[in-house]
Amino acid sequence: QAHVVESGGGLVQPGGSLRLSCTSSEILSGYVIGWFRQAPGKEREGVSCIGNRGGNSVYAHSVKGRFTISRDNAKNTVYLQMNSLKPEDTAVYYCARERWFGGNWCTDPMSATTFTSWGQGTQVTVSS
């Protein structure tokens, strides 16, 4: 089980941008990595997912065109660039690693059932 850590959250005005980072004490390269979020009183939802080679990306409809997921295997880091942020993006954002090394593709729509290593989350607040 990996120890996953998210960072980069904060308070931003509507229309602003943030970049979230996901790192781990164990390897992330070679794994499907997902970003999820949960707002108070709401269910956890998948935000974005990236394949193990970085070529397969999945986005929730609500963030498509505004968020971009990427990975830098040399840094063992996965990023979520969030642009044109909206108040409804406010949530705790979680990074998670899929169970199996060598997993190639993300499911669309995303499912959390195959992600077994989770970070503690980073708060993103979008407010004027």
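These entries record what I looked up in a predicted model.

**Basis.** I worked on a predicted model, in which local features need pLDDT of at least 70 and side-chain atom pairs count only at pLDDT 80 or more, while totals for chains, interfaces and linings use all residues. Residues are numbered from 1 along each chain as its sequence is written, and side-chain values use heavy atoms, with hydrogens and water left out.

**Sheet.** I looked up an open sheet of four strands and found the order β1-β3-β8-β7 with antiparallel pairing. Strands here are DSSP runs (E, at least two residues), numbered from the N terminus, and two strands pair if DSSP finds at least two bridges between them. β1 (4–7) and β7 (67–72) each have a single partner strand, so one side of each lacks a neighbour in the sheet. I then turned to β7 and β8 (residues 77–82), which run antiparallel and are joined by six bridges. Serine 70 lies opposite tyrosine 79 in β8.

**Glycine 34.** I located glycine 34 in strand β4 (residues 33–38). Glycine 34 counts as buried at 0% relative accessibility (buried means under 20% relative accessible area, with a 1.4 Å probe and protein chains only). Not counting residues up to four places away in sequence, I noted that glycine 34 touches Ser48, Cys49, Tyr94, Cys95, Ala96, Met110 and Phe115 (contact means heavy atoms within 4.5 Å). The C-alpha atoms of glycine 34 and serine 111 are separated by 9.4 Å, although these residues are 77 residues apart along the chain.

Note on methods
Buried means under 20% relative accessible area, exposed over 50%, partly exposed in between (1.4 Å probe, protein chains only).
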